[in-house]
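Please consult the sequence and structure shown here alongside the text.

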Amino acid sequence: MNKFIRVDMTTKKVEIQEVPEKYVGLGGRGLTSNFVNDEVKPTCHPLGKNNKIIFAPGMLSGTSAPNSGRISVGSKSPLTGTIKESNAGGTFSQKMAKMGIKALVIEGMPAEDEFYILKITMDGVTIEEAPKEILGGCGNYKAIELLNNKYGEKVGIALAGPAGEHRLPTANISFKDPDSNMRSAGRGGLGAVLGSKKVKALVIDDTGAPGVPIAEPEKFREASKVFAKALLDHPVSGQALAAYGTDVLVNILNEAGGLPAINFTKGRIDWNENIAGETLNATIKERGGEGKVSHGCHAGCVIRCSQWYPDKQGKLITSGFEYETIWGLGADAGIKDLDDIAYIDRAMDDIGIDSIETAVAVATAMEGGLLPWGDGKAVLEAVKEVAIPTPLGRLIGSGTTVVGKACGLFRVPVVKDQGIPAYDPRPIKGIGLTYATTTMGADHTAGYCISGNILKVGGNIDPLKKDGQIEYARAMQIGTAAVDSTGMCLFVYFGIADNPAGYQALIDMINAQYGINLTANDVDELGKSVLKVERAFNKAAGFTNAHDRLPEFFEYEPCPPHNEVWDFTPEEIDEVYNF
Amino acid sequence: MEKKTVEIRGFMQLREYFRRKNWPVPLILDLEEAISGYELAEKLEIPAEEVEVIFVNGFVQALDYRIQPGDRIAFLPPGCPGPYRIALGFYGKNQDNQANFLIHKKKENEQG
Ligand code: SF4
């Protein structure tokens, strides 16, 4: 990958440069975070002209490596004010990589109130006026259809929805998937950054792309085979995720007493059967029609955790129906009907808002009396108002912190202004340390990856005890930062965590592609360096250790059924980043 | 007075198993005295390799854990994704059982 593209929206100039030396060995999150730290003024306003946004495929994207088609987007976040990397599936990453594009940066902002489309082909990038029909409240489903008609079915698309046009901090960037549905770079409001730069969409056409060169093809094929086998042989990545999706976690977390419910006032519900992955699976099978129990968000995914959820007549309601969304609306906001949740999920995709932030904001709004508890129909209407946006729509679209303030609440589940996802930190303490310390604001995917050294530190963790948790949270975050740089879906880690050969195969693929000799230790060092760079940016932006804390209510409100509180001291929390 | 029953759930494919057996969720079973997870699984004809860990009153336990009358139990097949496997303590509890990283051949008939 040898092209580094810069698009200046102030001057409308496009520059295609050689990849700067420093970024040659980087990809995905490693590249986006280094770039943001190097070039974005840490104290800039995220929606002002000095912020920049960068799109980068992972190191293995565009190759035949299973699950390697994730795209990373980096910027300063309008939601948290921190550095942000958000990644997604879809077809964009593989096309970029095959065209030899290491990264695409958008900087500056136009003076005029016009939206544009960036069209990326082998000939370069052109800046075109956005067609009027896709602006001003046009939903993402429709917009993708119109863009497909205009540019061809095969193009890849990255899109700011109506929420992005309105620069709301929950706005995501939607990436077209192989079936013209959407996958989202959800968290942190990066859609608002795109909107602020007046870029409605990026359209990528890889006709004539040379493909990704592989230094040692034979070795690559071998490693790729071992890797795919490790994924398919493992009960998590080979079976459970395909059958039940990530929603398999509802029953498990509920049983563990760590499923945050009714705005984090308890850890277990009695309507879990309504919303559990097992029910999701049975309902899809029973309804048939367009329903699909498993589906991949990009070509080459062998785990296929996504699915198509149909209505009673068998017509698709929503795809990629994730645990965090179902948890947020189903348990935290108390909506007991899976169909209601599915329609809200569709609306969120259509408007282009993060389904986690929105769901947590909705539950907070319920506590604040803005919406009735558990009322799926009312939530659907409120969410649709984000596209207009009405004052209520703007409130919800501004995320949990803003809703909490507007309602005068103290129980506002956020870290660095980002809503806390689906795992209660009181009975599952290791997760709490990650929420508190990650560079991204409360983020469950920041500590996802299970590498060999975690099995050493994490073998005997008791969820209610402090022992081993600091080492666990640290190792998880380091490993995750490394995987996020490869372009791999984090879920590959379920498959290779218990299988050292699978982990080695991942490293072997990178080595074979680039003709290098990374060791497991180097990969660990890469993860550490990414976290250090991100933390340096946050520090320069004004963040201190005092921001690495969970909301205070976790310290004095016990979470039933285990009735635990959050009891890590500030000194203990600060140890996580002592490396 | 102490309850002489246990409350039982099954997740993933075991939820389907409950459905096929026409069992309610949860299944309430009379239990006079403590038994191990293995014995309870056997009583219910749940194959041990289908169970990675059990939940007992909201805590992850190994299959040889002694279950008391009054307990709330759930059987969990191998397949829980995520860091939660570690965070909830699976790795300390699944070491000695058959389901532990049993490298299953893909069972087509259990797929969707
Ligand atoms: S496992 Fe799920 S999220 Fe990961 S690449 Fe496949 S479909 Fe996408």
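Which element gives the most to the lining of the largest cavity? Strand E5(A) does, with 5 residues.

## Basis of the report

The model is predicted: local features need pLDDT of at least 70, side-chain atom pairs count only at pLDDT 80 or more, and totals for chains, interfaces and linings use all residues. Residues are numbered from 1 along each chain as its sequence is written, chains are lettered from A and ligands numbered from 1 in the order in which they are written, and side-chain values use heavy atoms, with hydrogens and water left out.

## The largest cavity

A search of the whole structure finds 6 cavities of 30 Å³ or more. A cavity is a set of points, on a 1 Å grid over the protein atoms alone, where a 1.4 Å probe fits but cannot get out; lining residues have an atom within 4 Å of a point. Grid points are joined across faces, edges and corners, and a volume is the space filled by probe spheres set on the points. The largest cavity holds about 910 Å³ of space.

Its lining comprises 50 residues, with A:Arg70, A:Asn87, A:Ser184, A:Glu322 and A:Thr445 nearest the centre. Among the elements of chain A that each supply at least two lining residues are strand E11 (182-185) and helix H19 (469-486); helices (H or I, at least four residues) and strands (E, at least two) are DSSP runs, numbered from the N terminus.

## Aromatic pairs

Over all chains, the structure holds 16 aromatic pairs. Rings of Phe, Tyr and Trp (its six-membered ring) pair if their centres lie within 6.5 Å; planes under 30 degrees apart count as stacked, over 60 as edge-to-face and the rest as tilted. The pair of A:Phe4 and A:Tyr23 is stacked, because the ring centres are 5.8 Å apart and the planes stand at 20°. This pair links distant parts of the chain, 19 residues apart: A:Phe4 is in strand E1, whereas A:Tyr23 is in the loop between strand E2 and helix H1.

A:Trp566 and A:Phe568 form a tilted pair, at 5.1 Å centre to centre and 50° between the planes. Ring pairs also link A:Phe264, A:Trp327, A:Phe553 and A:Phe554 into a cluster.

## A buried leucine

A:Leu231 is in helix H6 (residues 217-233) of chain A. A:Leu231 counts as buried because its relative accessibility is 0%; buried means under 20% relative accessible area, exposed over 50%, partly exposed in between (1.4 Å probe, protein chains only).

Technical notes
On a 1 Å grid over the protein atoms alone, a cavity is a set of points where a 1.4 Å probe fits but cannot get out, and a pocket is an open set with protein on both sides within 12 Å along at least five of seven lines; lining residues have an atom within 4 Å of a point.
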